[in-house]
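Let's take a walk through a protein model together. Keep the sequence and the 3D view open while you read.

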Amino acid sequence: MRGPAGERPVPVNAPTPEDLVQFVYDEARLIDEKRLDEWYELFAPDALYWMPLTRGQPEGEGHTSLFHEDKLLLKVRIERLKRPQSYSQNQPSFCQHVLQRPQVLSLDIEANEFILRTPFLYAESRLDDQFVLAGVARHHLTRIGEHLRIKLKKIELLNCDAALPSIQLFP
Amino acid sequence: MSKYTGNPQAVQSLVRPDAVHRHLYIDDELFALEMQHLWRNTWVYVGHDSQVPKAGDYFTTQIGLAPVILVRDPSGDVNVLMNRCAHKGTRLLSAQSGNCGSTIRCPYHGWTYHLNGAIRAIPVRQGYEGTAAMASEAGRGVVRLRHVENYRGFVFARLADEGMGFRDYFGDSLTSIDNMVDRAPAGRLEVAGGVLRYLHNCNWKMFVENLNDAMHPMIAHESSAGTAKAVWESLNMPEDAPKPMVVEQLLPFVSNYRFFDDMGVKIYDNGHSYSGVNFSIHSKYSSIGPYEQAMIDAYGEQRAQAILGEVRHNTVYYPSLTIKGAIQSIRVARPLAADKTVLESWTFRLVGAPEELLHRTLTYSRLINAPTSIVGHDDLHCYRSIQEGLAASGNDWVSLHRDYDSAEEGAIAGTYNGLSEVSMRGQFKAWRKFMAPDAGAGR
């Protein structure tokens with residue numbers, strides 16, 4: 001049995017493409033299984049979880065985003081879900097990622113930067129309501145100590161400009 | 001069997017001074033009547049003129065259910081046209097925004113229009129010779145709205161031919177727009193940063209009522225703002241540590257009842273109001289030094305302080321627009337059905353101010369107004385719960401009694417304590433007035 005994704009030992013100097021791909025699969029699985037405290041640990045201290053509002057949106061704060069979360073905001077979201085006063089989750093939401101095999105775009109041991117591109121479908125349901133989002137996730141990973149960590153997870157939604165319903169979990 | 005169509009008395013009886021009938025939120029027939037009367041007799045926000053800076057620039061939206069085009073014509077004027085071909089009714093422009101050049105051409109049979117709606121050309125026009133076409137409705141071209149007002153960049157329109165004038169309709173509530181525009185050292189605003197569109201499966205009025213409902217934040221937003229507070233406190237930062245912007249913006253939502261009561265609410269005629277007469281949840285944001293200097297340079301010390309000292313919370317321009325001047329964001333309600341509304345959140349750059357101001361605006365809008373916002377989730381959950389709860393029988397009335405005083409039945413305009421439900425009573429007073437078939441003529 002493998003441990004949680006974040007705890008899988010990665011050879012200090014050289015993650016293989018397969019290590020990177022497995023990391024992306026495991027990351028989605030932690031969300032879907034609502035192991036959000038473990039998921040949170042996958043993020044580097046200066047990480048960004050970003051879902052732009054438009055196609056080709058430049059980095060930075062000159063434009064609104066759907067998500068633009070540092071670790072503090074991720075923590076707030078995760079802790080909120082644990083509270084009984086979170087009425088919008090008394091009837092809880094569940095989600096399911098269906099990932100295409102991640103494509104390793106960059107594996108730069110020297111720069112300690114690993115980039116993957118993963119087309120996905122994401123379903124979020126809450127009792128009788130379900131919606132499906134499609135898009136591409138880009139993971140920018142780095143090695144910290146023995147572990148891979150997320151520096152950036154960027155989610156490019158196919159219908160980022162649509163009038164969207166409440167998205168309460170994490171695509 | 002229609003209960004309300006053609007029966008204005010039945011409609012009027014749904015609003016008491018201190019309560020409203022549940023059908024106002026759930027009845028399809030009343031929704032249709034709102035589109036026919038309320039949303040035609042009132043001044044509805046269309047868009048901002050900075051969205052169409054150059055001749056030919058357009059933006060498509062709707063007033064009630066009517067599709068309209070906001071377009072800049074070559075003379076520099078901003079027109080509002082019905083987005084409907086004079087020939088067979090085709091929606092002329094389908095993109096959200098763009099530039100159509102000097103004419104608008106129908107994608108079906110090629111009727112072509114000037115940007116004021118007049119017909120410019122029709123293919124094989126001789127086919128209409130000897131017919132009544134050009135003397136009929138079709139010959140008048142695209143319908144151009146006659147009642148359009150561009151107030152400091154904010155464009156409003158009234159569909160009804162007859163009715164209350166713009167100034168009479170909004171009165172001194174326009175001072176909230178003034179304050180928002182005055183906050184720009186250059187005295188003007190520009191739409192910037194994109195539009196958040198949030199689908200609400202509830203009636204539009206629940207959102208509009210909520211804007212100056214000061215009794216809900218400490219309950220509904222305990223889960224989001226309360227969690228932010230707990231997480232921040234768990235970090236054990238020193239008392240004087242600068243708070244991250246997101247913490248600064250979220251924490252005031254769980255201020256106590258006393259805070260929200262003392263904030264005060266100002267009521268105008270015709271459904272308009274703002275809360276934050278004395279101070280607001282935006283009062284204690286950290287100052288951005290170069291901005292204050294730019295304001296002093298532009299206005300002089302005294303005037304700059306007066307502008308920045310006015311920190312209103314939400315202003316409701318009934319029925320369609322709500323603004324936050326102090327944070328330069330607006331929300332627009334676009335009703336689609338009795339239980340379906342799209343909320344648009346637009347943000348603005350204060351021209352002449354440092355870019356950090358825009359960043360603060362964008363952060364706020366994302367934290368509070370996005371479909372991904374935990375604060376938004378709290379609110380929409382409550383609205384949707386009302387939508388479902390009102391299907392219950394045994395109690396047909398929604399209570400608006402808090403701090404009611406029968407003196408409101410005469411003149412409602414005035415300043416009240418923040419926790420009062422008077423802003424909602426004011427909205428329904430306006431609802432009743434503008435739902436009347438003869439409201440168009442009424443003063």
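How many salt bridges does the rule find across the interface of chain B and chain A? Three of them turn up there. Before going further, keep in mind that this is a predicted model.

## Where the two chains meet

The size of an interface is often given as the accessible area lost when the parts come together. For chain B and chain A, that buried area is about 2900 Å², and carbon and sulfur atoms give 61% of it. On the residue count, chain B brings 36 residues to the contact and chain A brings 31.

If you'd like a salt bridge to look at, find B:Glu222 and A:Arg83. Their side chains meet with N and O 2.8 Å apart.

Next up is helix α3 of chain A, which covers residues 71-81. This helix is mostly covered, with eight of its 11 residues buried. The buried residues are A:Lys71, A:Leu72, A:Leu73, A:Leu74, A:Val76, A:Arg77, A:Ile78 and A:Arg80.

Which helix of chain B packs with α3(A)? It's α14(B), residues 374-389. The two helices pack at an angle of about 30°, and their axes are 11 Å apart. On the chain A side, A:Val76, A:Arg77 and A:Arg80 take part, and they meet B:Ile374, B:His377 and B:Asp378 of α14(B). Sorted by class, this contact has two nonpolar residues, one polar residue and three charged ones. An α-helix has 3.6 residues a turn, so residues three or four places apart point the same way.

## Salt bridges, here and there

Side chains of opposite charge can pair when their charged atoms come close. Searching the whole structure, over all chains, gives 33 salt bridges. One of them joins A:Glu33 to A:Arg35, with the closest N and O atoms 2.8 Å apart. Both ends are partly exposed: A:Glu33 has a relative accessibility of 39%, and A:Arg35 has a relative accessible area of 25%. This pair also belongs to a network of salt bridges that links A:Arg29, A:Glu33, A:Arg35 and A:Glu38.

Another salt bridge brings together the side chains of A:Lys82 and A:Asp37, 3.0 Å from N to O. This pair links distant parts of the chain, 45 residues apart: A:Lys82 sits in the loop between α3 and β3 of chain A, while A:Asp37 is in helix α2 (residues 36-41). A:Lys82 is partly exposed at 46% relative accessible area, and A:Asp37 is partly exposed too, at 39%.

Now hop over to chain B, where B:Glu344 and B:Arg334 form a salt bridge of 3.4 Å, N to O. B:Glu344 lies in strand β20 (residues 340-350) and B:Arg334 in strand β19 (residues 329-337), so the pair ties together parts 10 residues apart in sequence. Are these two residues buried or exposed? Both B:Glu344 and B:Arg334 are buried.

Strands of a sheet pair through backbone hydrogen bonds, either parallel or antiparallel. In chain B, three strands make an open, antiparallel sheet in the order β8-β9-β10. Its edge strands, β8 (104-105) and β10 (119-121), each pair on one side only. Two bridges join β8(B) to β9(B), residues 112-113, and there B:Ile104 has B:Tyr113 as its bridge partner.

Chain B also has an open sheet of three strands in the order β1-β2-β21, again with antiparallel pairing. Here the edges are β1 (15-16) and β21 (397-399).

## One buried arginine

Finish with B:Arg360, which lies in helix α13 (residues 355-369) of chain B. Why does B:Arg360 count as buried? Because its relative accessibility is 10%, and the cut-off for buried is under 20%.

What does B:Arg360 touch, leaving aside its neighbours within four places in sequence? Its contacts are B:Met245, B:Gln249, B:Tyr285, B:Ser286, B:Ile288, B:Ala326 and B:Ile327. Take B:Gln249: in sequence, B:Gln249 and B:Arg360 are 111 residues apart, yet their C-alpha atoms are 9.2 Å apart in space.

Key: Residues numbered from 1 in each chain as written. Chains lettered and ligands numbered in written order. Predicted model: local features only at pLDDT ≥ 70, side-chain atom pairs only at ≥ 80, totals over all residues. Heavy atoms only, no water. Pairing = 2+ DSSP bridges. Helix = DSSP H or I, 4+ residues; strand = E, 2+ residues; numbered from the N terminus. Buried < 20%, exposed > 50% of the residue type's maximum accessible area, 1.4 Å probe, protein only. Salt bridge = Lys/Arg side-chain N within 4 Å of Asp/Glu carboxyl O. Axes fitted to C-alpha atoms, helices over the stretch in contact; angles between N-to-C directions. Contact = heavy atoms within 4.5 Å. Nonpolar A, V, L, I, M, F, W, Y, C, P; charged D, E, K, R; others polar. Buried area = accessible area lost by both parts, 1.4 Å probe.
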